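Subject: Structure for you to look at

Hello,

Here is the structure I promised to pass on. Please open it next to this message; my notes follow below.

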Number of protein chains: 2
Amino acid sequence: MVRAGLTTERLARAGAELADEVGFEQVTVSALARRFDVKVASLYSHLKNSQDLKTRIALLSLEELADRGAAALAGRAGKDALTALANVYRDYAREHPGRYAAAQLRLDPQTAAASAGGRHAHMTRAILRGYDLTEPDQTHAVRMLGSVFHGYVSLELAGGFSHSEPDSQETWSRIMDALDALLRNWPAP
Amino acid sequence: MVRAGLTTERLARAGAELADEVGFEQVTVSALARRFDVKVASLYSHLKNSQDLKTRIALLSLEELADRGAAALAGRAGKDALTALANVYRDYAREHPGRYAAAQLRLDPQTAAASAGGRHAHMTRAILRGYDLTEPDQTHAVRMLGSVFHGYVSLELAGGFSHSEPDSQETWSRIMDALDALLRNWPAP
DNA sequence: CGATTTGCCTAAAGGTATTAGGCAAATGCA
DNA sequence: TGCATTTGCCTAATACCTTTAGGCAAATCG
């Protein structure tokens, strides 16, 4: 019998594709086995368990997202950088909803520390170099930007803004304007 | 044999409690049956299926959250109202993480229309009466506030801000200051 | 009090997760 | 190149969750 050539890496990638097609929730070891035309038990030589698969998809997505962010930020500053990074998240979520959902998976502290999560915080902080904020305010602003990006993207993905005026793109631009104005004029406590 | 007195209502309530205890993802018809010390099949007289149970928990949570919001907004305006509503979301998510997760469940349009979702948008819009925004900007602001509330709360729940300085409460207050300042000074396009 | 409705049960089929143990293909070494 | 070892995928089996069908007894109604 011919071997399928499974590897942990290939399984994680295929799992990410599957997530985009059917939703991250629906990613299952069984479905993945079907996709490789292989028996379910065979995957357990490459994956510890179902959670392991999900974690690997999450890590892969975080990495991919961080790579896109880094590319988008290169050579940009100020509002230009702000918008570029924000669009990376939004576009990624639209192109790869399953992967985006995976990136939201709650990782245990160990895994989280080794993930690309740190790069994300770092990129947001880099944007703030174009604005004049004191140290603690930078952290507050990083958290706020993360909240807006993630919050908007997930509400949009959940269909929250469809079928209503004005269209989502318009709101998104105006939010960029608003965040830029806010960062240029960050209020004292 | 003595009857357990199951009703759809009681099952949804118990499901919500279960969600808070073990996480919304882990809410299962079987677990619920165990909780009532009843055979699994018995629940199917009261629930269409597993999805139906989840939907009912979501609706119940949305309703509860809207009730709390309405109570918090009564008699308040401006920044006071803004903070009060924001705290309702944050506190609810901390007290009832499972229900909060349930409230994020993607509902089909029919169900969503009949849910308390509309009340939520309505409450956010009510806050904006304390600020001076034109009509389309009100919608942009409603969406932005929703994003920040939801985004912050879910990142916080996912452990994003723990184990790092400054503490989450401090950031939360500063975000309230920032949103208030932003709404008082909403930028033109 | 008898008839009907209703509520929970048993039974059964199908799907996912996971572990144990086996055989054959690939690989490494002489 | 031939043999030994490793590795990869398989079969088998257990356990849990979901869902449907059909039955009996408790509650309710006339």
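Helix 2 of chain B gives the largest share of the surface near DNA strand D, 3 residues. Bear in mind that this is a predicted model. Helix 2 (29–35) and helix 3 of chain B, together with helix 3 of chain A, each supply at least two residues of that surface. In total, 21 residues lie around DNA strand D. Lys39(A), Ala41(A), Ala41(B), Asn49(B) and Ser50(B) come nearest. By class, the surface near DNA strand D has 11 nonpolar, 7 polar and 3 charged residues.

Now DNA strand C. It is surrounded by 21 residues, and the closest are Ala41(A), Asn49(A), Ser50(A), Lys39(B) and Ala41(B). Two or more residues each come from helix 2 (29–35) and helix 3 (40–43) of chain A and from helix 3 (40–43) of chain B. Here helix 2 of chain A has the largest share, 3 residues. The classes are 11 nonpolar, 7 polar and 3 charged.

Among the contact residues are Leu11(B), Ala12(B) and Ala16(B) of helix 1 of chain B, and Leu53(B), Ile57(B) and Leu60(B) of helix 4 of chain B. This contact has 7 nonpolar, 3 polar and 2 charged residues.

An unreviewed UniProt entry annotates residues 5–65 of chain A as "domain: HTH tetR-type". That span is 69% helix and 0% strand, and its end C-alpha atoms lie 27 Å apart.

His46(A) sits in the loop between helix 3 and helix 4 (50–73) of chain A. Beyond its neighbours within four places in sequence, His46(A) is in contact with Leu6(A), Thr7(A), Thr8(A) and Leu11(A). From His46(A) to Ala114(A) is 68 residues in sequence and 20 Å in space, C-alpha to C-alpha.

Last, some backbone details. Most residues other than glycine have a negative phi, and most peptide bonds are trans. Check these exceptions in the viewer:

- His163(A) has a positive phi, near 55 degrees. It lies in the loop between helix 9 and helix 10 of chain A. His163(A) counts as exposed because it has 8 C-beta neighbours inside 10 Å.
- His163(B) also has a positive phi, near 55 degrees. Its place is the loop between helix 9 and helix 10 of chain B. His163(B) is exposed, with 8 other C-beta atoms within 10 Å.
- The peptide bond from Glu165(A) to Pro166(A) is cis, with omega near -15 degrees. Pro166(A) is in the loop between helix 9 (135–157) and helix 10 (168–184) of chain A.
- Glu165(B) and Pro166(B) are joined by a cis peptide bond, with omega about -10 degrees. Pro166(B) is in the loop between helix 9 and helix 10 of chain B.

Best wishes

Methods:
Residues numbered from 1 in each chain as written. Chains lettered and ligands numbered in written order. Predicted model: local features only at pLDDT ≥ 70, side-chain atom pairs only at ≥ 80, totals over all residues. Near = placed C-beta within 6 Å. Helix = DSSP H or I, 4+ residues; strand = E, 2+ residues; numbered from the N terminus. Nonpolar A, V, L, I, M, F, W, Y, C, P; charged D, E, K, R; others polar. Contact = placed C-beta atoms within 7 Å. UniProt positions renumbered as here; feature names shortened; annotations may be inferred. Buried ≥ 20, exposed ≤ 12 C-beta atoms within 10 Å, placed from the backbone.
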